[in-house]
Amino acid sequence: MANPLSAPRRTPSRGSRNAALAAALLVAATLAGTVSPAAAADGTAEKLYASNEDVEKEMADKAPVADLESVMSYPKGLERDKDGNLVPVTQEDVKARVKYEPAQALTDAKAAAKNWSENTDNNSDAREMIKQLSDSALTEPDVIGADTRDDNIATAMAEVNSSASFCEGVNAGGHQNAAKANPCVFVGKLDTKGDSKWPKLSTGAALAGGGKKTYKTSEQITDESSTTAGWQVGGKVTPKVSVAPGGDGGAGGEFPIEGSFTYSVSSTSLSRKMTSTEENYEVNFPAEKWGELQGRRAGAFYLGYLLVDYKAVPGAPGTHPETEHIKAIPARVFVQSPKADVPLAYFNMQKPQAQ
């Protein structure tokens, strides 16, 4: 069977991108249905999930995650708290949890940059820019600062310019270069911290069964494109889920989902789906069951470094000599599986009601 995350079996009633979501992970994106489009077409038995282990087995098959990942440019998937604030990590965190040294990260970043620059499907300006990193003779990056927030890229004395700005080709004076890019690559190892793979997205408490229900899902996907076409950086997902009637037989309503999350695109991803979605699904909900709609992000958190290659002078702008530097900034980044076209999938979790 082709990967349902990238090859949907049917066209849903609304939203072309939701075709991928609707067929994703068998019943995952039929949301709370007892028969998925794929299962129904095949004439196979109902597909339900009774444990997290069952869900993760399905995710491992349809949205596999690698032990090592890379992201071109500034990673949109940097971990943030519920208020959108950056969650910082230190070099010590990286070394302790995934045993990743900055020098090895630079080697891995050069290899990823070389592969990306040689792919003629990628933007030509960005390909030329990233070659500065892949061709660099430097073997040891500078790791300066306490944590992820210490990301100033100063190309001259007293300059202040964040890595997010620099990676988009913007200098300390606010001017953007013609390529609208600078040589930046995030590389990381799969984090060992709990729930790093396919993190759960809470959709509220379980609902009591009884009769037919309609689930409605929507996702607003924004910020996927950078200022340079082909310089893929990731995006932001704002999901919504509602049900009618409710678990108590009432009118129902929107679930209290955790909120938005950001993600990065792997440097090996070949296709993207970037539009908003909305879909309704009717579900037969057994009276003797409790049901929960479990959301899962289609990827994993990686712990590593953002490698930034730049040239700087020791004095004021315009002075000499100019020398090359590579800065390694510790970071924890959520990277979408290269096999998944969509960043989010849902699973119908049903368990017997307690007697």
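Predicted model: local features only at pLDDT ≥ 70, side-chain atom pairs only at ≥ 80, totals over all residues.

Modeller: Let's begin with Cys184, which has 0% relative accessibility; buried means under 20%, so Cys184 counts as buried.

Colleague: What makes Cys167 buried or exposed?

Modeller: The relative accessible area of Cys167 is 0%, so Cys167 is buried too, by the under 20% cut-off.

Colleague: How do you know that Cys167 and Cys184 form a disulfide?

Modeller: Their sulfur atoms are 2.2 Å apart. The cut-off is within 2.5 Å, so the pair qualifies as a disulfide. A search of the whole structure finds one disulfide. Cys167 lies in helix H7 and Cys184 in strand S2, so the bond ties together parts 17 residues apart in sequence.

Colleague: Why is this disulfide of Cys167 and Cys184 called left-handed?

Modeller: Because the torsion about its S-S bond is about -100°.

Colleague: Now to helix H6: which of its residues are buried?

Modeller: In H6, residues 124-134, they are Ala126, Arg127, Met129, Ile130, Leu133 and Ser134.

Colleague: What puts them on the same side of H6?

Modeller: They cover an arc of only 165° around the axis, which puts them on the same side. As a general point, an α-helix has 3.6 residues a turn, so residues three or four places apart point the same way.

Colleague: And what do the buried residues of H6 pack against?

Modeller: Their partners are helix H5 and strands S1, S2, S11 and S12.

Colleague: What does a side-chain oxygen of Asn123 reach at the start of H6?

Modeller: The backbone nitrogen of Asp125, to within 3.0 Å. A polar contact needs N or O atoms within 3.5 Å, so this pair meets that distance cut-off.

Methods
Residues numbered from 1 in each chain as written. Heavy atoms only, no water. Buried < 20%, exposed > 50% of the residue type's maximum accessible area, 1.4 Å probe, protein only. Helix = DSSP H or I, 4+ residues; strand = E, 2+ residues; numbered from the N terminus. Arc of directions from axis to C-beta. Contact = heavy atoms within 4.5 Å. Polar contact = N/O pair within 3.5 Å; in protein donor to acceptor, adjacent residues only side chain to side chain.
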